[in-house]
Structures are given as structure tokens and as C-alpha cells.
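Here is a short briefing on salt bridges. Start with the view below, then read the points by topic.

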Amino acid sequence: MMDDKNINREQKRQDVSSKKKKGKDLEQRARGLEEQLARAVADYRNLEKRLEDEKREFVKFANRELLARILPSFDALFLAEKHVSDEGIRVTIRHLQDALRDVGVERVQTEGLMFDPEKMEAVTTDEGEENKVLEELRPGYTLNGKLLRPAQVKVGKAHR
């Protein structure tokens with residue numbers, strides 16, 4: 001009988017040891033799954049944020065094609081302003097400039113500046129200070145800081 005008691009005790013000890021090992025394994029697996037879930041939630045939140053940023057960017061530049069089509073009409077108004085002294089044209093131009101500014105369109109500055117190939121297109125050269133913009137032939141525009149259309153300019157070239 002003594003042997004049966006020892007066998008039972010040994011078996012109980014093994015059962016307890018086995019259950020502890022299984023419990024530790026389960027705890028470790030649960031921790032691993034919790035970490036995976038936390039990473040998945042973080043990835044999902046990052047994806048949501050990235051999609052929202054992309055959506056905002058898309059909306060900011062969605063009007064690019066429309067604006068590019070309207071700019072030649074705007075150029076015609078500027079040309080008319082140079083040749084006609086009509087206050088109505090000046091007021092219309094100011095209103096259009098304000099409306100364009102409200103949607104992120106800004107005129108590329110060229111007056112008195114050095115030629116910038118990132119924002120300007122040299123159409124012709126004339127005698128003058130090397131690489132300095134002498135005259136703006138057609139205004140350029142940016143949309144929310146990105147070039148919509150380069151300014152066409154006359155650039156100075158040193159006389160030789």
C-alpha cells in the first residue's frame with residue numbers, strides 16, 4: 001500500500017507541475033496575443049491617420065485642373081488692365097485675386113528677383129544684370145505652396 005501512496009503523491013506532483021507549466025504557457029501566449037492586438041490597433045490607428053492626411057491633401061489639390069484652365073482668362077484681364085483705364089476691371093481683378101488667395105492660390109513673385117528655374121520659365125533674354133528678372137511676361141501661380149504654373153519672364157544677360 002505504501003507504494004500506491006507514493007505513486008499517487010508522485011502523480012499528483014507531476015499533475016500539479018504539468019498544470020503549472022500549462023498555466024505559464026497560457027499566460028505567455030495571452031501576453032503574446034495582447035501584444036499582437038496592441039500592435040494591430042496601433043497599425044490601424046496609423047492607417048486611419050494616414051488616410052485622413054491623404055484625403056486632406058487630395059481636397060487641397062482637387063481644383064488644380066480647374067484653376068489651370070481659368071488662369072488664361074485671368075491673364076486676359078491683366079492684359080486688359082494694362083491697356084484700358086477701367087476701374088471695373090481693377091475691382092474685378094482684386095476680387096478674383098482675393099478669391100484665389102482664399103483657396104490657396106498665390107502669385108509667384110518675380111519683380112526685382114534673380115531668376116529661379118523652380119518657379120520661373122525664361123522666355124527671352126535682354127541686356128541687363130546677369131540672371132535678374134527684367135520683366136514678367138506671364139504671371140506664375142502656386143497652389144498651397146506647390147507650383148501650379150511657372151511665371152514666364154525676361155531675364156538679364158550681361159553684354160559681351
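Buried means under 20% relative accessible area, exposed means over 50%, and partly exposed lies in between. The model shown is predicted. It holds 14 salt bridges.

**Between strands 1 and 3**
- Arg-107 and Glu-136 join their side chains in a salt bridge, at 2.3 Å from N to O.
- Arg-107 belongs to strand 1 (residues 105-107) and Glu-136 to strand 3 (residues 133-138), so this pair ties together parts 29 residues apart in sequence.
- Arg-107 has 31% relative accessibility, so Arg-107 counts as partly exposed.
- Glu-136 counts as buried because its relative accessibility is 18%.

**Between strands 2 and 6**
- A salt bridge also forms between the side chains of Asp-126 and Lys-154, at 3.9 Å from N to O.
- This pair links distant parts of the chain, 28 residues apart: Asp-126 sits in strand 2 (residues 120-127) and Lys-154 in strand 6 (residues 151-157).
- Asp-126 has a relative accessible area of 40%, so Asp-126 is partly exposed.

**A network**
- Glu-81, Glu-87, Arg-90 and Arg-94 form one network, joined by salt bridges that share partners.

**Within helix 1**
- The side chains of Glu-52 and Arg-56 form a salt bridge, at 3.8 Å from N to O.
- Both residues, Glu-52 and Arg-56, lie in helix 1 (residues 2-61), four residues apart, which is about one turn of the helix.
- Glu-52 counts as partly exposed, at 37% relative accessibility.
- Arg-56 also counts as partly exposed, at 47% relative accessibility.

Conventions:
Residues numbered from 1 in each chain as written. Predicted model: local features only at pLDDT ≥ 70, side-chain atom pairs only at ≥ 80, totals over all residues. Heavy atoms only, no water. Salt bridge = Lys/Arg side-chain N within 4 Å of Asp/Glu carboxyl O. Helix = DSSP H or I, 4+ residues; strand = E, 2+ residues; numbered from the N terminus. Buried < 20%, exposed > 50% of the residue type's maximum accessible area, 1.4 Å probe, protein only.
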